[in-house]
4 protein chains.
Amino acid sequence: MTAKISFASDYVTGAHPQILQRLLETNLEPLPGYGADKYSAAAAAKIRAACSNDALDVFFLMGGTQANAVIIGTLLAPYQGVVAADSGHINVHEAGAVEYTGHKVLPLPQHEGKIEAAALARYLADFYADANHEHMVFPGLVYISHPTEYGTLYSKAELAALSEVCRRYKIPLFLDGARLIYGLASRSADLGLPDIAALCDVFYIGGTKAGTLCGEAVVMRPELTPPGFVTLTKQRGAMLAKGRLLGVQFDALFSDGLYQEIGRHAIAMAELLRQTLREAGCRFLLESPTNQQFIVMPNDKLAELQRHVDVSFWEKVDDAHTAIRLATCWSTRAEDIAALRQYL
Amino acid sequence: MTAKISFASDYVTGAHPQILQRLLETNLEPLPGYGADKYSAAAAAKIRAACSNDALDVFFLMGGTQANAVIIGTLLAPYQGVVAADSGHINVHEAGAVEYTGHKVLPLPQHEGKIEAAALARYLADFYADANHEHMVFPGLVYISHPTEYGTLYSKAELAALSEVCRRYKIPLFLDGARLIYGLASRSADLGLPDIAALCDVFYIGGTKAGTLCGEAVVMRPELTPPGFVTLTKQRGAMLAKGRLLGVQFDALFSDGLYQEIGRHAIAMAELLRQTLREAGCRFLLESPTNQQFIVMPNDKLAELQRHVDVSFWEKVDDAHTAIRLATCWSTRAEDIAALRQYL
Amino acid sequence: MTAKISFASDYVTGAHPQILQRLLETNLEPLPGYGADKYSAAAAAKIRAACSNDALDVFFLMGGTQANAVIIGTLLAPYQGVVAADSGHINVHEAGAVEYTGHKVLPLPQHEGKIEAAALARYLADFYADANHEHMVFPGLVYISHPTEYGTLYSKAELAALSEVCRRYKIPLFLDGARLIYGLASRSADLGLPDIAALCDVFYIGGTKAGTLCGEAVVMRPELTPPGFVTLTKQRGAMLAKGRLLGVQFDALFSDGLYQEIGRHAIAMAELLRQTLREAGCRFLLESPTNQQFIVMPNDKLAELQRHVDVSFWEKVDDAHTAIRLATCWSTRAEDIAALRQYL
Amino acid sequence: MTAKISFASDYVTGAHPQILQRLLETNLEPLPGYGADKYSAAAAAKIRAACSNDALDVFFLMGGTQANAVIIGTLLAPYQGVVAADSGHINVHEAGAVEYTGHKVLPLPQHEGKIEAAALARYLADFYADANHEHMVFPGLVYISHPTEYGTLYSKAELAALSEVCRRYKIPLFLDGARLIYGLASRSADLGLPDIAALCDVFYIGGTKAGTLCGEAVVMRPELTPPGFVTLTKQRGAMLAKGRLLGVQFDALFSDGLYQEIGRHAIAMAELLRQTLREAGCRFLLESPTNQQFIVMPNDKLAELQRHVDVSFWEKVDDAHTAIRLATCWSTRAEDIAALRQYL
């Protein structure tokens, strides 16, 4: 029996073969634990270079929700919360991980997954003008995702405007880059890693959705890194004994142009997918320039499609229609898309 | 120098004299601590009687935010959050006390401070229909305030409808009654304490804003009371050594018709206040049938008024206007309102 | 029926009459809420004067467990814990309130309730010498109680030695003064409030056990006070709407020599009690120079005594004997002790 | 340059080659995320079979501290703490991860890392006999490690006695099996997996220290599994998107006798190591029948040794001596031990 074709997510297959290969090659070397190994150091150095900033702190964590919870939970003072789009992953799909750390998510209205600098500025001005703000949760961090949960991207101008508001109020700007690879590789992108490193105060470069087995690389301005950060990651169950698992994978991901190659491939496949869906007459939920594509289908057609192809439930549109997500990644093949075409 | 007249809140003065008197009379009696005294027991019995239900659990806590945090934090399972109007006190003005207990506030749109049964039902149906709801915070409690933060009231039909939805989904309904006294005494009220005790699963009867020095009486269906509740209140810093302070005050409040009398007086004063404001041509922010009245004033007039009268900032309406709140309580006098009239 | 005589605790009666009187006199004054009233300000000023240090921050909280949890929970960084005697109140009888804030109590062996500077120094030296200390909870605060849970006192030399170790390691020293009044008034005392204010970094002056209805006055070096402290007290349910209740009481307690008078009286009664117990041939658990006295009784004699007198269970000594505590306070009368004599 | 020989821990090398091989073979299969893949299901089934109990729940988490925090934090009621040896990993070397979940560790004295049933029974009897126990943290779980942090083992009689006490008090018994593989393979072992599954209520089978890249398999009596457990693991950052990483590894570990083979090899190497150390005249800190061996060395000799061999600091014995740990694992070779011999 062949496995069903899957566009369910960008984490349906394992690791890119070059990454697995490096795990194999380094497997027998005795290495210190808890991230003190040489591969973690090498990976951090390569990431700093890719960000054009040698001074940045780089840490490796295991997954996106964990990264969000550790970063937000340790950067906020206890009287502060994190501002986010109401559609932000931390506000909807992380099971209350931020609140579990004792902090509130302060929602702003979203537009295709993004928040606007003007809306943020208005919120902050109103907050400090409120005579009762000492009884309210203070904004202590601004969270954005790029690409957003809808696959959309901030332009350089938009990110610069957000960054300017944040710096005016001395509030760090945090970018969730679980899918950053596809934001960088998209044809619509005008933001590179050095731009992001310059405009944000902390962000992470997703590995899990970019071709590693697990892992996210957190990049932080060193003056932000909380005292005792190593202890804090241990305390929150976020420290791997065999830290090499993350170090070796990110070292491979940032060697020999692999990160760019994976991004390029997945975006090329996403473009083919978009074109295929369009040709099949699909109705798009919105325009996404990255590796996630969202279409609206009649429920009966969807049920038929799902007999052959794995896709992701996105949201109920009305009683007869459902929005679904299709994603590409390093392992997506043109023939999978061709096969999909025949089931549409 | 005379103190300025104050309509700033319903907690600007101390305790009703009959309550203070009882503290004086019982002062020398040696009593067991931590709420095990006979006055706490007597107060609980009187509250059960007022609710027409002898089986209810009654506990005394010190203040409203503390009561909300202890109730919500101990009734929710750790994967659950509390549904509330986005304008709910717990969502806005309690400094993130719910999130500090590790739980999310799940906001629904408010209409004059209230949530609607239909909106709640839709939210719950959508939640359980969502294929990804295991990655989301589960609704585990519904919070309403009555009167609301805007002074408005649920009708019996509205509360019954909310209660019905909650029971259908087996989610307890929690009513924040910090100002319940004014909801019961309002001419618009069609809900009595027995109705509330029957339709809600847990609620509290505010003391602080009803004429005690401090204290809220929590009323709970006994099957809801979490195991170890006494220990939990100690753990959260919510247990008084001299529990008599709460017991004696609530015993006095629920003796000799005092609770009704304070409610009637404050509502009569609120009606006089409303009439006075209307006669002075004030613009009302909304119609409130309880002891809080909200008006919109030009900023310059407000500044002038505040030289003579204490009022509460409510919200910025536009660059030239501000909404303020005026509140009455047991100690409000007709002559204070007459004096206010001349400053308007 | 007369109430049983009670030596069960120092919080069996209400407030000292002079304190109640001031609540009565100020009851009708409209005052701002949340501790912004003039009586809270006056009380803070008098406490600063009593500490001979005008620069100290003073805050009022409602009870001892709450004060411990708010202070420890907001002064510690999240990777730190609080060092305490294993018999310390926070480690035994506060229902895990410190752990509820997310922090560990790091126990040191006690000697009559006290920790020794040498043992503290050894613990700290070992901690930092440990190659694995990044996987351990860092000591971030040292907690002592004075008088201790056993009624014993630190000498000035002992406190100075602890203070010196703490300052060497830059760890704040926190003194739980729930019963500080009796430590100051004891004939054995060689520590005054100014000494304590100079040697400790944060401490509180108990009100509840010193003759107020409730309340503890927290005294803190201002550079320690965490940003957002007002918001943090609200968040943790530790802020009273009618803050006047604490302000007026502490203002009265620190006026007209009342604090000294209450201390003197309770200590005189404790001396009479000790002499009476000794004359009755009681066996003392240990020598306590303050208002708590501990004796060991055969279980059958204790059962008989408790028919007439309320005392406190302290600990099981063996199958046939129990240690009990008897406490004096502002309301203890010589005739109560005389009556006790006859039941022994 | 050759890497230094390392006995620093049992996680210095990567994964056992058979495990890596399976990751490679399954890498391209599209699989559902979050642990819903078929390999996770197969691994769970094999673990149930190895425990001789088809009814058990099996979950996969990423590491030991995470497993301890998730299990303890979700099984305890909020007024409960976890009883453990004072030397227990959760009490010493997990950075306060249990306290971060809001719960206290209730320490009992250890004997070679173990707690005794009699001591546990005495503690529980005293707790419930204490008149003040409502102000104390209730024991809600008993934690043991097997092998302990000192490499020692509970006998079947000892574990049965602990289990009996726990069941009498209806307190679940939790066994931390991070190194369970070596406890099962030891010549001293009289406890098999089915015994442990029968006597404990929840335990985990370590992967990280047994030859996987990461992962621990939690085994739980199904009536204990908290509602919403999947959501709770997400909330605590403990859910992998590519859950296959854990499923495939544990499936391989429990196939073809690999688990037994790895255990046997590491124990054989540990015996060779022990013999070698003994022949070299080393002083043992204690007798360990498992893969960790502890010796005491003069500091100068240790410094010399560490130029050639990686070992682990264990504890300072006195000013001139240090205890160190040497560990074996799947990748330890006889020639490494021979090489060590010459440096001693």
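This is a short tour of a predicted model, from one chain to its contacts with the others.

Let's start with chain A. Chain A has 14 helices and 13 strands. How compact is chain A? Its radius of gyration is 20 Å, close to the 20 Å that the globule rule gives for 344 residues, so chain A is as compact as a globular protein of that length. Picture a box along the principal axes. The C-alpha atoms of chain A fill roughly 60 × 55 × 35 Å.

Now look inside. Of the 344 residues in chain A, 59% are buried. Next, the contacts within the chain. Take those between residues at least 6 apart in sequence: 74% of them join residues at least 24 apart.

On to the pair of chains A and D. What superposes chain D on chain A? A rotation of 180 degrees does it, with 0.0 Å of shift along the axis. The RMSD is 0.0 Å. That is the relation of a two-fold axis. The same surface serves both copies, and 100% of the contact residues of chain D recur in chain A.

How many residues of each chain take part? Chain D puts 45 residues in contact with 45 residues of chain A. On the chain D side, the elements giving two or more residues are α1 (17-25), α3 (64-75), α5 (97-100), α10 (229-235) and α11 (244-253). By class, that side of chain D divides into 22 nonpolar, 16 polar and 7 charged residues.

Next, chains B and D. Here the contact takes 14 residues from chain B and 14 residues from chain D. Which element of chain B gives the largest share? Helix α10 (residues 229-235) of chain B does, with 5 residues. The side of chain B that touches chain D has 7 nonpolar, 5 polar and 2 charged residues.

Keep α10 in mind, but move to chain A. Q235(A) is found in helix α10 (residues 229-235) of chain A. Is Q235(A) buried or exposed? Q235(A) has 28 C-beta neighbours inside 10 Å, and the cut-off for buried is 20 or more, so Q235(A) counts as buried.

Now a helix in chain B. Helix α1 (residues 17-25) of chain B has I19(B), L20(B), R22(B) and L23(B) buried. Look down the axis of α1(B). The buried residues fall within an arc of 160 degrees, so they line one face of the helix. What covers them? The cover includes α11 (244-253) of chain B, together with α1 (17-25) of chain C.

Last stop, chain C. L159(C) is found in helix α7 (residues 156-168) of chain C. With 24 C-beta neighbours inside 10 Å, L159(C) counts as buried. Leaving out residues up to four places away in sequence, L159(C) touches Y154(C), L191(C) and L199(C). Now compare sequence and space. L159(C) and I267(C) are 108 residues apart along the chain, and their C-alpha atoms are separated by 22 Å.

To recap the two contacts: chains D and A meet through 45 residues each, while chains B and D meet through 14 each. And chain D superposes on chain A by a rotation of 180 degrees.

Definitions and conventions
Residues are numbered from 1 along each chain as its sequence is written. Chains are lettered from A and ligands numbered from 1 in the order in which they are written. This is a predicted model: local features need pLDDT of at least 70, side-chain atom pairs count only at pLDDT 80 or more; totals for chains, interfaces and linings use all residues. A residue is buried if 20 or more other C-beta atoms lie within 10 Å of its own, exposed if 12 or fewer, and partly exposed in between; C-beta atoms are placed from the backbone. Helices (H or I, at least four residues) and strands (E, at least two) are DSSP runs, numbered from the N terminus. The arc is that of the directions from the helix axis to the C-beta atoms. Two residues are in contact if their C-beta atoms, placed from the backbone, lie within 7 Å. The radius of gyration is taken over C-alpha atoms; the globule rule is 2.2 Å times the number of residues to the power 0.38. Copies are superposed by least squares on the C-alpha atoms of residues with pLDDT of at least 70 in both. Ala, Val, Leu, Ile, Met, Phe, Trp, Tyr, Cys and Pro count as nonpolar, Asp, Glu, Lys and Arg as charged, and the others, Gly among them, as polar.
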